[in-house]
Amino acid sequence: MKRFSEKSPGVFGGDRSALVVVVLFVLFVLSIPKFNFLAVVVFAAFPVFVMGAANVPAGMIAKRLLQVSPFVLFMAAGNIFIDRTPLLRFFGVTITGGMVSGGVIAAKTLVTVAGVLSVMYCIPFYRICRALESFRVPEVLVTQLMLLYRYSSVLGEEAVSMQKARDMRSFGTRGKGIFRTAALIGSLLLRTMNRAERVYRSMSARGFQSRMSGRSATGFGYGEWVHIGVWSLCFLALRLIF
Amino acid sequence: MHMADALVSPFVGAAFWVVSGSLIGYSAKKISEENDPVKTPLMGVLGAFVFAAQMINFSIPGTGSSGHIGGGLLLAVLLGPYRAFITLASVLIVQCLFFADGGLLALGCNMLNLAFFPAFIAYPFVYRIIAGESLSPVRLGAGCIAAAAAGLFLGSFSVIVETVLSGISELPFMTFASFMLPIHLVIGVVEGLVTWAVLSFIAKTEPGILRVQKGSGMPRFTLAAFTLAALIAGGIGGWIASTHPDGLEWSIARAGGREVPGSAVNAEISVWGIAGVVSVLFVAGTTGFVLGRKQSAAVDEEV
């Protein structure tokens, strides 16, 4: 969850409009019919543009794309096996309906995930939370997101070191069974609870009263509307042309 | 079991977003009414704990594979349904935004499948009835296994319903169900065993942690209304979506003066089409790169 930039690219006009633009992007991609492969691929222009404009390392996004859920691949493969209706011939090769619709499922997943990740990598998380708050997302959830983000790396390191220590003391699968591991998870849980108590005390000492921030919701500014409008027109143009 | 955006139609995704959003609002209201600030950091670190605990793998006997805890039921036992739902929702949001697990539009579906069922159905209606407040190993074990299996079974059934209603996958309902349900029932039993083992460890070392949480009784009729709303919204919407193009498809097709997309109408892949796509990608990439260089140069000058 590392950030690459504290300054979001000006191409979105602001954090809130960036969130709206990414939602519109996903909606436009998902509105493409299930046999229109090229129309999905052309929308890859959005993540490609954002990655260039915000200097997001393409390798990082590609690494995440490789971890795309096997469930999606299973569903795409299902289409290939079930729909064997010949749809078209491309350079002498018969392409079935299942191949196209399966390819569209996989392409839609890759394009939307790349779009969301590239935007998220160029906005710091606390600003995403502030933007959510200004959209009237319940304050409980926003505070929860901020705390989760803050402590996931700390506890993650603790879990990795516990797992490493366990692996060094175990042999093959011995010592890695469910019940042995449960004791490990249990002790991580106890440490977590103790940490929560310490966190609460330190937050109380700083005047914490159940909420991390208290920004009131404000309307969109002129600049934000302009950016949302321009991006919407770009997406619409891509949908109409391809 | 995370649903991806590509498997959900815009209408079904939006319908489940409304349902999950309402559940978040309802849970947030309940939590605010409790007014217990001690629990706020606890929710935060327990959310982080779920991430951390998922990094610790265990070997699954007889399969040669390994797995990790899901944590839904564990959170419900430790925090009660409302706080567990918000905590699980936050985990799903972070997984979607930064780990490519699930999708933005599918987030509503994922919250229902992976947070609603363990927190609002499995915990109060299965775990609490079987295990109650008892810390006896037998009741705790039976409660954990039954509740985790029920939560995962219902979640996977919901995945099937959402996918079939979206009409994107070609898999027929029965074929999909015969793949999904048995495997998730087994995963549920394993999840129950791990949750039981963790709770037994806690019961031995710090039993005070397992005292029943405030507001963790059976959720009122309101929750049944939410479930019903999800089924109606997804059901009616999905039926419309699977037989007709959704609103966005329809309006774009109309604006472009084309046939409303059905099946093979848009399947033509021409050389000109490919050339057009490559040109758009090239222009977007080059423009982005130039803008990025300019921005970097401006930042360097400021420094």
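How many residues of chain B are in contact with how many residues of chain A? The tour ends there; a few conventions come before it.

This is a predicted model, in which local features need pLDDT of at least 70, side-chain atom pairs count only at pLDDT 80 or more, and totals for chains, interfaces and linings use all residues. Residues are numbered from 1 along each chain as its sequence is written, and chains are lettered from A and ligands numbered from 1 in the order in which they are written.

Select chain A. Ten helices and two strands make up its list of elements; helices (H or I, at least four residues) and strands (E, at least two) are DSSP runs, numbered from the N terminus. Starting at the N terminus, follow the order α-α-α-α-α-β-β-α-α-α-α-α. The radius of gyration of chain A, taken over C-alpha atoms, is 23 Å, well over the 18 Å that the globule rule (2.2 Å times the number of residues to the power 0.38) gives for 242 residues, so chain A is more spread out than a compact globule.

Now select both chains. In answer to the opening question, 88 residues of chain B are in contact (C-beta atoms, placed from the backbone, within 7 Å) with 98 residues of chain A. On chain B, elements giving two or more residues to this side include α1 (10–34), α7 (173–205) and α10 (271–302). Select α10(B) next: it gives the most, with 15 residues.

Note on methods: Two residues are in contact if their C-beta atoms, placed from the backbone, lie within 7 Å.
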